[in-house]
Amino acid sequence: MATSRPGPDAGGIDAPTSDADGYGTPRRFWRALDRHRPPGVDAADRSWRSPLRGPWLTAVYGTALLVTLPLVIVTGLLDYAAYGPRFDQAFPSDVGWLRLPTFDWPTRPSWLFRVTQGLHVTLGIVLIPVVLGKLWSVIPKLFNWPPARSLAQVLERLTLLLLVGGILFQIATGLLNIQYAYLFGFDFYTAHYFGAWIFTGAFVAHVVVKLPRLITALRSRPLGAELRTPRAATRPEPPDPDDLVAARPGPATVSRRGAVGLVGGGALLLAALTVGQSLDGPLRRTALLLPRGRQPGPGPNGFPVNRTIAAAGVRPEQTGPDWRLILRGGDRTVTLDRPGLLAMAQHTAALPISCVEGWSTRQTWTGVRLRDLAALAGVADPAAARVSSLERAGLFRTAMLAPNQVLDPDSLLALRVNGVDLSPDHGYPARVIVPALPGVHCTKWVAEIDFQGRADG
Amino acid sequence: MGDPTSRLRAGYGAGSRHLIVVTAAIVLAGWVALRLAGEATAGRMLLWFLGAVIAHDLVLFPLYATADRVLRALVRHRAGNRVALLNHLRVPALASALLLLVFAPGILRLGETTHLAATGQDQHPYLARWLQLTAALFVLSALTYALRALARRRQSSGKRSERA
Ligand code: HEM
């Protein structure tokens, strides 16, 4: 019977523990709860047969997550910073004190956002098998009786709900977002951003509580020896205070090496099918099951589009010979047509366009430097620039650029890409391209740029 | 029993560090929940949050555990040093299921219009590609199984002829 197995005892200094029997106050209540075993819990307890479950395997999966999840969290929060919360254009806009300190998103290195957001999405996907493996390794605890022996265990179970719910929620919303299936019917930003904080809090608590156990568990079986043990020699771990080891384990059908390899192999498989969306050249096609593994067509404009001209509701006649670019600088207004822009000094830069959805591609853009346009508008030292698109609606109809983003020598109002005119889907007649700026803020079909001076900023 | 630390341990059931971090996580989540409570879609978010746990613990896990039990019953696993046919079926099946789980939106063509608006492309190729990947995984696994079985047979017949 499970009750005869050791209760939580002094495993880690801060693990839930009180007296030798593990009950907190009121002891009578917790003991009674333990004694009143609902029908089925003993059968459930006996039905866990895998001889692999145990502190060591859980600790191995846990270590992989402990090392990588902070990267996912930090790169996610950097994504929020990259939107420019200073200009109230990061979503959700009202987050109180729940954000990184505000700073101006740099323009250098130009691949900065490509790397941070690429890491966020790629790692987020690659970790899915590890999360599933970790959950598999601890799932018997969900059905344990008693569910708690003290208030400490009740609160810890609550944080576990936040932890598991949090990570599954982040994975589900993230995966649906990058595949454009907004089944959830709520705002992605709000949910994913606040979900991240709930998860992060629970993650920190979980790590602080479990770290001592993790270390003892890892030390209990040397990794090298474990990875050399074949299936035939695989034995269950000794009974543990956390009840992870099965009461009646069956024979091993996989070695621990196999279990670690299975999760690692799953992670590698997902990595192989994901990294392509951040690579250029023939390897791009390896992202076989993701929208951004496909090139929309041949030729210089044949790289991935985000939001087609049709979806943006921009009509062809708006981008024809009658199109004008309006530059504003205080009271001054300058109007330019496309030949006028082409007559200005042209600059060419190879810059990545990196989408918040994790994919990116480097192309060679040609156009007029934004700082030249600022000077033309009479604001050579702008405090900000508001770029507006021909689009009528949409979250990214306008975008604010910070001074460093206007003044970078590679920041362009691009007219051409890879030696030809921009295609309609890539923003013809003119689009913004700024180093390290999230793609959604590289406004397409630009209609107007308002350079704001220091005084009226 | 007198000092506060052991009283906390006896009453609460853990040390002060435990109490602090666990409470902080719950307070943070509560604060976020209060902030979100005003949103029109707050109920849906909660539903998805709890639903994700239920979907994993009470649907996905029982599903794959049962599938594995069925598979084990079908392929009687022989203990000892024989090549495990079971695992040569488990691995490609799990890999294929993982791909379906992660890339379901494309494979099942959920979100056709938003996909088209964003990329200018439809979702047609994904199902066929997933099926091809699945087939490739099973074929690869079958080939390695055959190779390993062959190697083992050679080994054992070699031993036999040595003994003869
Ligand atoms: C532990 C898990 C995760 C955490 C803590 C996390 C955290 C974050 C945070 C804080 C943001 C910024 C949100 C904003 O700007 O409002 C973000 C953005 C994003 N995350 Fe995650 N994330 C996680 C997992 C994932 C996964 C698994 C994926 C997808 C496969 C994903 C995809 C995205 C995407 C696409 C964005 C960009 C949204 C946008 O700006 O349009 N995330 N993440």
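## Ligand shell and chain interface

The residues of the shell around the ligand divide into 19 nonpolar, 8 polar and 2 charged, where Ala, Val, Leu, Ile, Met, Phe, Trp, Tyr, Cys and Pro count as nonpolar, Asp, Glu, Lys and Arg as charged, and the others, Gly among them, as polar. This is a predicted model, in which local features need pLDDT of at least 70 and side-chain atom pairs count only at pLDDT 80 or more, while totals for chains, interfaces and linings use all residues. Residues are numbered from 1 along each chain as its sequence is written, chains are lettered from A and ligands numbered from 1 in the order in which they are written, and side-chain values use heavy atoms, with hydrogens and water left out.

Of the 29 residues around the ligand, those that come nearest are Asp79(A), Tyr83(A), Phe91(A), His120(A) and His192(A); a residue is near a molecule if one of its heavy atoms lies within 4 Å of it. Helix H3 (55-82), H4, H6 and H7 of chain A each supply at least two residues of this shell, and H3(A) gives the most, with 7 residues; helices here are DSSP runs (H or I, at least four residues), numbered from the N terminus.

| Residue | Atom of the residue | Atom of the ligand | Distance |
|---|---|---|---|
| Phe91(A) | backbone N or O | oxygen | 2.5 Å |
| His120(A) | polar side-chain atom | nitrogen | 2.7 Å |
| His192(A) | side-chain N or O | nitrogen | 2.8 Å |

Gln117(A) lies in helix H4 (residues 112-126) of chain A and is buried, with a relative accessible area of 3%, buried meaning under 20% with a 1.4 Å probe and protein chains only. Not counting residues up to four places away in sequence, Gln117(A) touches Thr75(A), Asp79(A), Cys355(A), Val356(A) and Gly358(A), contact meaning heavy atoms within 4.5 Å.

Between the two chains, the contact takes 83 residues from chain A and 74 residues from chain B. The area buried between chain A and chain B (the accessible area, with a 1.4 Å probe, lost on putting the two together, summed over both) is about 6,700 Å², of which carbon and sulfur atoms give 71%. Across this interface the rule finds 1 salt bridge, a side-chain nitrogen of Lys or Arg within 4 Å of a carboxyl oxygen of Asp or Glu. Arg35(B) forms a salt bridge with Asp94(A), their closest N and O atoms being 3.0 Å apart.

Definitions and conventions: Buried means under 20% relative accessible area, exposed over 50%, partly exposed in between (1.4 Å probe, protein chains only). A polar contact is a pair of N or O atoms within 3.5 Å; within protein, one must be able to donate a hydrogen and the other to accept it, and residues adjacent in sequence count only if both atoms are side-chain atoms.
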